[in-house]
Amino acid sequence: MATETGALDTFPKFLLHNAKKFGERPAMRHKDFGIWQTWTWSEMHEEIRNFSVGLKALGLKRGDKVAVVGSNRPRLYWSFCAVQAIGGVPIPVYADAVAEEMVYVLQHAEVRFAIVQDQEQVDKLLSIKDDLPALETIVYDWERGLGDYEEDFLHNFGEVQAEGKKQLAQSGAEADWIAGINEGKGSDLSVMLYTSGTTGKPKGVMLSYDNLVVSSQNANKFDNFDETDEIIAYLPLAWVGDHIFSYGQSMTAGYCVCCPESPDTVTENRREIAPTYFFAPPRVFEGLLTEIMVRMEDAGNLKKKMFHYFLDVAKQTGERILNGESTSFMERLKYKIGEFLVYGPLKNRLGMTRMKVGYTAGEAIGPEIFKFYRSLGLNLKQLYGQTEASVYITAQPDGEISADTVGTPSPDVEIDIADNGEVLYRSPGVFMGYYKNEEATKETKTEEGWVHTGDAGFLDSNGHLRIIDRAKDVGKLNNGSMFPPKYIENKLKFFPNIKEAVAIGDGRDYVAVMLNIDLQPVANWAERNNIAYASYQELANHPMVYDMMAEHVDQVNLDLASEERVAGAQIKRFLVLHKELDADDGELTRTMKVRRTLINERYELLIEALYDGSEEKFVETEVVFEDGRKGKISATVKIRDAEVHEALHRSGAMKEAAQ
């Protein structure tokens, strides 16, 4: 078999290298029709090669942009490498994006080819194809429901592979394919990943192979990942984290990527695989813990007592044992018994039995939630990253773990704090620029290579980075008090009953918040308390639910009162929204970040009611249903006052940040 020549500076070159070095080791798994199927590196090389040559036969050329749309399936990951081997540029798109959302990205990127998962994605593209003059060819993975489609630009993935295999039977075809791979350079554009568009139109972040390969190799070295590790791929393909964890790091380390049967079976499939490397945003860890606690409420008294007893043991001892700190014989003995009776079965249930490293990022994670997982002996850590950095800016080294920091600068990363508190960084992973947006590139990246994160933070005395809030979102109340909305919102979301929170206060007399309940734990609580309800709206508006929310708000106010810099930002009024904030309604990005501007406009009547003394307000809100239809939800939303506590003047993180 022909192999790569020269430096390993592109992912197609790594594919050739891995097929030779790790030939019979597993490269990818996928659970399909209830059975785990495995491809070795040699087999995956063959699958990618056949598809790549088939794409070339369809007319794909160097420099062409190729949309990849779908969930985590082997063929879609193979598409990245197959396209890159020809010199094309893959552009993953969020699978749950509606057709209208996809138009801008596909137009802006001038996409010629699209490789999609199934009929749903094909139908989306067909519905907007008139708006996409550059789109010439669509290749689909799953053919179910597409048998009667007659468009000549539609092609089945397997048929494209078959054409590639036919081409490879001809003399010189494989050599030409290898030669094309070896033409690639580290400085070439590897992928374009579009930002979530929190503050406007999404921007196409151009990342080179040098950006991604170096960042992936540094990450593997930092946490000692190699070909023996396994990861479960369940995060959106269009998110930079998945592109690094499930593609870049796998290619450079040689470890196995496992794709779940469907998005709904991730937890079950993770339990079967027990990956050694696992990443999840805080909401996933929060959701898993909520599910555990909800299930334990239905357990017998003996099991419940044993569970809580050994959780207390873990809280006292677990993290110290994990960190290698000194513990007594009796502490270790109790913990070992707890491992046998509680922690081991619990980790098995979570699918984390073999997890040697877990990461969380994207939002602040509640300290109690973070410590819970670490107390079980799970090496859960935090990192801080951005698409423009090829993910890694900071990460927590083993033995230096804290719930309120995001770690030290990652390998080869420099960090600086601007005079206004904004975090700046410089690294080999820094993006090439925004596609067709030189102005935004200059605003974000300086001539010296420093990138503006837009986040306010500081380095503590141990060299660990602490993030306060988005720099542009930190405002002031009319009395001059600092108003950090994200800081307040994250404190509220530490409670498992609160799924989302939006804080308002900049330029106003006091802070008010709009809350979303988390239906699963609140519904379970309602059932245990014999509370009848017919809908989310009715449950959210229930007086006892408001009492529960009032307790949470009061606890947050007590916490804020103890931090001198934010004591003036305590919550004075709150309401519980009659509907969940939803990405389909444009209220959240596809990465579940709040779109503040849109929410301020959509809920203007409720916001004004929070400040005019109203005790309730009738509101009508437009929603988008799963089938694309639009409708309206109306409700009379109650508004409550909260107690504001006297400032305790204890110096905290916010005071340190100001120094």
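**Figure 1. Loop residue D412, between β16 and β17.** D412 lies in the loop that connects β16 (408-409) with β17 (414-417); strands (E, at least two residues) and helices (H or I, at least four) are DSSP runs numbered from the N terminus. The model is predicted: local features need pLDDT of at least 70, side-chain atom pairs count only at pLDDT 80 or more, and totals for chains, interfaces and linings use all residues. Residues are numbered from 1 along each chain as its sequence is written, and side-chain values use heavy atoms, with hydrogens and water left out. Although D412 is not a glycine, its phi is positive, at about 70°. Most residues other than glycine have a negative phi. D412 is exposed, with a relative accessible area of 51%; exposed means over 50%, buried under 20%, and partly exposed in between, with a 1.4 Å probe and protein chains only.

**Figure 2. Loop residue K436, between β19 and α15.** K436 is placed in the loop between β19 (433-434) and α15 (438-444). The phi of K436 is positive, near 55°, in a residue other than glycine.

**Figure 3. Helix α11.** This helix comprises residues 282-297, 16 residues in total, and reaches 23 Å from its first C-alpha to its last. That span is close to the 22 Å expected at 1.5 Å a residue, where the expected value is 1.5 Å times one less than the number of residues. The buried residues of α11 are P282, F285, E286, L288, L289, T290, I292, V294 and M296. An α-helix has 3.6 residues a turn, so residues three or four places apart point the same way.

Figure 4. A cavity is a set of points on a 1 Å grid over the protein atoms alone where a 1.4 Å probe fits but cannot get out, and its lining residues have an atom within 4 Å of a point. Grid points are joined across faces, edges and corners, and a volume is the space filled by probe spheres set on the points. Because domain 1 (11-271) and domain 2 (282-470) both give residues to the lining, the largest cavity lies between them; the domain bounds come from an automatic or database assignment.

**Figure 5. The second largest cavity.** This cavity has a volume of about 70 Å³. Among its 13 lining residues, M28, M44, Y77, Y247 and M251 lie nearest the centre. Two or more residues each come from β1 (26-32), α2 (41-58), α3 (74-86) and α9 (240-253), with α9 giving the most, four. The lining is made up of 11 nonpolar, two polar and no charged residues.

Figure 6. C256 is buried at 2% relative accessibility, and C259 is buried at 0%.

Methods:
On a 1 Å grid over the protein atoms alone, a cavity is a set of points where a 1.4 Å probe fits but cannot get out, and a pocket is an open set with protein on both sides within 12 Å along at least five of seven lines; lining residues have an atom within 4 Å of a point. Ala, Val, Leu, Ile, Met, Phe, Trp, Tyr, Cys and Pro count as nonpolar, Asp, Glu, Lys and Arg as charged, and the others, Gly among them, as polar.
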